[in-house]
Amino acid sequence: MRIVVPNTFAQFLLPAVMQHFYETHRDAVLEGFSSTYDAPERALLSREVDLAFVRLPTRLSGFSVKRRFKSESVSVACAMVARGVGAAIVNRLIAQCCDAEQFVMSPFVPTTSFETGIASLESDPINGTCHAFAACLVEALDNLHALREAD
């Protein structure tokens, strides 16, 4: 199974999700790729990956979205801020993957809402392994969101 996720997910979230997934799917073979939000749709259409984390609505058609995530922007750029280099407005869901002890997250007002999701090709149903991995990723994102909300 091949998946493409945003760069921050690949660095901070994907290793733990893959480790958790391998605990119950020892024979699975996973390949994780990272990219900006522009590449996942093309990677799915060219069948380079089986699952992709995409921005919704997608610019191209032919995708089946397994799970949608609503989020809003916050004024933080994880790596840059942690190093004292600057700030930017980024997706709160992405920012929640970063080590918040290295910077401060502040709401961006007015809120800019958007949606992302885990997608696959509509014309090519995913197998059980892909479903199981998508469930692990959803669980990790839900747990991360719940932890951040509790703070």
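What share of the 151 residues in the protein is buried? Buried residues make up 39% of them. The model is predicted, with a mean pLDDT of 82 for the protein. Its fold comprises 6 helices and 6 strands. The points below cover confidence, layout, salt bridges, aromatic pairs, cysteines and backbone geometry.

**Confidence**

- In the protein, 70% of the residues reach a pLDDT of 70 or more.
- Helix α4, residues 78–82, has the lowest mean pLDDT among the elements, at 60.
- The highest mean pLDDT among the elements belongs to α3, at 94.
- Where pLDDT is low, predicted coordinates should not be read in detail.

**Layout and surface**

- Read from the N terminus, the order of elements is β-α-α-β-α-β-β-α-β-α-β-α.
- Of the contacts with a separation of 6 or more, 70% are between residues 24 or more positions apart.
- The protein exposes about 8,400 Å², and carbon and sulfur atoms supply 52% of that area.

**Salt bridges**

- Asp50 and Arg2 meet through their side chains in a salt bridge, with an N to O distance of 3.4 Å.
  - This pair links distant parts of the chain, 48 residues apart: Asp50 is in the loop between α3 (39–45) and β3 (51–56), and Arg2 is in strand β1, residues 2–6.
  - Asp50 has a relative accessibility of 25% and therefore counts as partly exposed.
  - Arg2 also has a relative accessible area of 25%, so it is partly exposed.
- Asp142 and Arg67 form a salt bridge between their side chains at 3.2 Å, N to O.
  - Asp142 counts as partly exposed because its relative accessibility is 32%.
  - Arg67, at 30% relative accessibility, is likewise partly exposed.
- Glu115 and Arg68 make a salt bridge through their side chains, with 3.4 Å from N to O.
  - Because Glu115 lies in strand β6 (residues 113–121) and Arg68 in strand β4, this pair ties together parts that are 47 residues apart in sequence.
  - Arg68 has a relative accessible area of 47%, so this residue is partly exposed.

**Aromatic pairs**

- A search of the whole structure finds 4 aromatic pairs.
- One of them joins Phe9 and Phe53 in an edge-to-face arrangement, with 4.8 Å centre to centre and 70 degrees between the planes.
  - Phe9 sits in helix α1 (residues 7–12) and Phe53 in strand β3, so the pair ties together parts that are 44 residues apart in sequence.
  - Both Phe9 and Phe53 are buried.
- Ring pairs link Phe9 and Phe53 with Phe69 into a cluster.

**Cysteines**

- How many disulfides are counted? The count comes to 0.
- A disulfide requires two cysteine sulfur atoms within 2.5 Å.
- Cys130 counts as buried because its relative accessibility is 3%, under the 20% limit.
- Cys136 has a relative accessibility of 11%, so this residue also counts as buried.

**Backbone geometry**

- Most residues other than glycine have a negative phi, and most peptide bonds are trans.
- Which form, cis or trans, does the peptide bond from Leu56 to Pro57 take? The bond is cis, with omega near -5 degrees.
  - Pro57 is placed in the loop between β3 and β4.
- Arg47 is not a glycine, yet has a positive phi of about 65 degrees.
  - Arg47 is found in the loop between α3 and β3.
  - With a relative accessibility of 44%, Arg47 counts as partly exposed.

Methods:
Residues are numbered from 1 along each chain as its sequence is written. This is a predicted model: local features need pLDDT of at least 70, side-chain atom pairs count only at pLDDT 80 or more; totals for chains, interfaces and linings use all residues. Side-chain values use heavy atoms; hydrogens and water are left out. A salt bridge is a side-chain nitrogen of Lys or Arg within 4 Å of a carboxyl oxygen of Asp or Glu. Helices (H or I, at least four residues) and strands (E, at least two) are DSSP runs, numbered from the N terminus. Buried means under 20% relative accessible area, exposed over 50%, partly exposed in between (1.4 Å probe, protein chains only). Contact means heavy atoms within 4.5 Å. Accessible areas come from the Shrake-Rupley method with a 1.4 Å probe; for residues, only the protein chains shown count as cover. Rings of Phe, Tyr and Trp (its six-membered ring) pair if their centres lie within 6.5 Å; planes under 30 degrees apart count as stacked, over 60 as edge-to-face and the rest as tilted. pLDDT is the predictor's confidence in each residue, from 0 to 100.
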